[in-house]
Amino acid sequence: MASAGYTVELLDSLALTNTARLDPARLALLAVSNARLLPIESLESITSFLEAGGDLLALGLTGWETPTFRIG
């Protein structure tokens, strides 16, 4: 990916719930490999990312079909 001019940043569940990390000025594309298992807390931050002009590639739809929750 670097040879094509792209860098890849792996995001954990904490990053997906952080609106500062999901900033379209920083991320050209948010790619989610299994949208069914997204943390329920990420709904707001991903929505904000999209509304601010971010792009999303979501595989394994329907999103949040089996939402995950942080314990502890």
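**View A. Strand 1 and the largest pocket of this predicted model.** Strand 1 supplies 3 residues to the lining of the largest pocket, the most of any contributor (strands are DSSP E runs of at least two residues and helices H or I runs of at least four, numbered from the N terminus). About 620 Å³ of space lies in this pocket, and among its 20 lining residues V8, E9, L29, L30 and A31 come closest to the centre. (On a 1 Å grid over the protein atoms alone, a pocket is an open set of points where a 1.4 Å probe fits, with protein on both sides within 12 Å along at least five of seven lines; lining residues have an atom within 4 Å of a point.)

**View B. The salt bridges of E9.** E9 pairs with R21, with the closest N and O atoms 2.8 Å apart, and also with R26, at 3.1 Å (a salt bridge is a side-chain nitrogen of Lys or Arg within 4 Å of a carboxyl oxygen of Asp or Glu). E9 sits in the segment before helix 1 and R26 in the loop between helix 1 and strand 1, so this pair ties together parts 17 residues apart in sequence.

**View C. The salt bridge between E65 and R36.** Here the N to O distance is 3.2 Å. E65 belongs to the segment after strand 2 (56–58) and R36 to the loop between strand 1 and helix 2 (42–51), 29 residues apart.

**Notes for all views.** Residues are numbered from 1 along each chain as its sequence is written. Local features need pLDDT of at least 70 and side-chain atom pairs pLDDT 80 or more, while totals for chains, interfaces and linings use all residues, and side-chain values use heavy atoms, without hydrogens or water.

Conventions: Grid points are joined across faces, edges and corners, and a volume is the space filled by probe spheres set on the points.
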